[in-house]
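Please examine the sequence and the three-dimensional structure shown here.

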Amino acid sequence: MRNFTIMDNKILLLGESARFDRVSSFSKRGEKGMGKWVYPALLPDGKRVNIMKVLMDNRCENNCLYCMNRKDSPLPRTYFRPEELSRIFLELYRKRIVQGIFLSSATGPDPLITLKNMIKTCQILREKYRFTGYLHLKILPFAPFSYIEEAISLADRVSINLESPNGHCLSAIAPDKNWSNLWGIIKAMKEISGRKPSSRVGITTQFIVGPGGEKDKDLVYLAYNLYRHYKLKRVYYSAFTPLPSTPLGKYPSTSPLREYRLYQVDALIRYYGFSSEEIPFEEGNLNLSTDPKLLWALRHPELFPVEVNKASFATLIRIPGIGPAGAQKIIKRRIKEKIRNEEDLKGLRIQSKRALPFLLLDGRVLRKKTYSKNLLPFLRD
Ligand code: SF4
């Protein structure tokens, strides 16, 4: 039986510290014992795996107002050496407790040394232990170009958290961080990954939603730009949750519904061909009570209803209740025979209640649109 060691304490502490490095309100970690630092993750190939999420170092030179690991926090501090962390991870990997690693870190006493140690950990895993599984490496601010190059050559995912959509909002929550510097890292990542089209690396970032005072529109416009021009794989949103004993500990938490709406818009941009200009906002924010695709459709009565037996894929996926999979099923079915009625649509698992008001079937309107009261002010905009 293995004794409970200093190393176990380290992993508990640095795994616990990584808990505050959130991806979204909806990502849930294990709840008991060592499982606390194990998180489920969806890999680029669609596989679900458990990943070990851990910090290299929880010592920090910064004082971000929302963060438990901030310099002034009375937290016990520790760090891993690359050899230690790679060995621990490999042990867990071999026992099939985890299948991948998300390695993040606070700055440590010197962010460049900390980042160098993170890269070294990845090198040991890839080169010494021949680990070929999922590896996500978070880049620290002020990383030189050559460090980013090394990170990209080793990892499946690299990320830099922009936290806010501009410098003004960032300084309200993380006064020691410099937005131009973070943006410079995004630009360097794009340049490096663009040089090797065969590179499997995906670039991601995260925003903390709420306390910076940003509008949803700022976030969505920037996310669109990141997807379109900076080849980002994912933009994550994290609804702010106040942590006790931080300066923002009494700041109200952000509704998870706001995060959810931002993810709905994220899907519209990534899978439905929407541009940021098409997203409906009310005074710069998303409507919390109704989904953004439905609001967009209601705002464009000139485009609907469309003939379900003739509409293109691009048109079908703009209809509320029809996603890319549903649109494909409709088109496949039409090759064999026409869609004749609501039952046919239900058989294709289309959300017919939502879709019918926007469809024609051989010139017939299938169901009239009715608007709930909470949509009326929005429609009069
Ligand atoms: S840099 Fe900011 S967010 Fe990161 S660990 Fe330090 S205080 Fe926390």
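**Cysteines and aromatic rings**

By the rule that a disulfide is a pair of cysteine sulfur atoms within 2.5 Å, the count comes to 0 disulfides. This is a predicted model, in which local features need pLDDT of at least 70, side-chain atom pairs count only at pLDDT 80 or more, and totals for chains, interfaces and linings use all residues. Residues are numbered from 1 along each chain as its sequence is written, and side-chain values use heavy atoms, with hydrogens and water left out.

**Cysteines**
- A disulfide is a covalent bond between the sulfur atoms of two cysteines.
- Cys 122 is buried, at 2% relative accessible area (buried means under 20%, exposed over 50%, partly exposed in between, with a 1.4 Å probe and protein chains only).
- Cys 169 is also buried, with a relative accessibility of 4%.

**Aromatic pairs**
- The structure holds 12 aromatic pairs (rings of Phe, Tyr and Trp, the last by its six-membered ring, with centres within 6.5 Å; planes under 30 degrees apart are stacked, over 60 edge-to-face, the rest tilted).
- Trp 179 and Trp 183 form a stacked pair, 5.4 Å centre to centre with 10 degrees between the planes.
- Both Trp 179 and Trp 183 are buried.
- Trp 296 and Phe 304 have ring centres 6.0 Å apart and planes at 90 degrees, so their pair is edge-to-face.
- Phe 274, Trp 296, Phe 304 and Phe 358 form one aromatic cluster.

**Charges over rings**
- The charged end of Arg 318 sits over the ring of Trp 296, 4.9 Å from its centre (CZ of Arg or NZ of Lys within 6 Å of the ring centre and within 35 degrees of the ring normal).
- The charged end of Lys 190 sits over the ring of Tyr 230, 5.3 Å from its centre.
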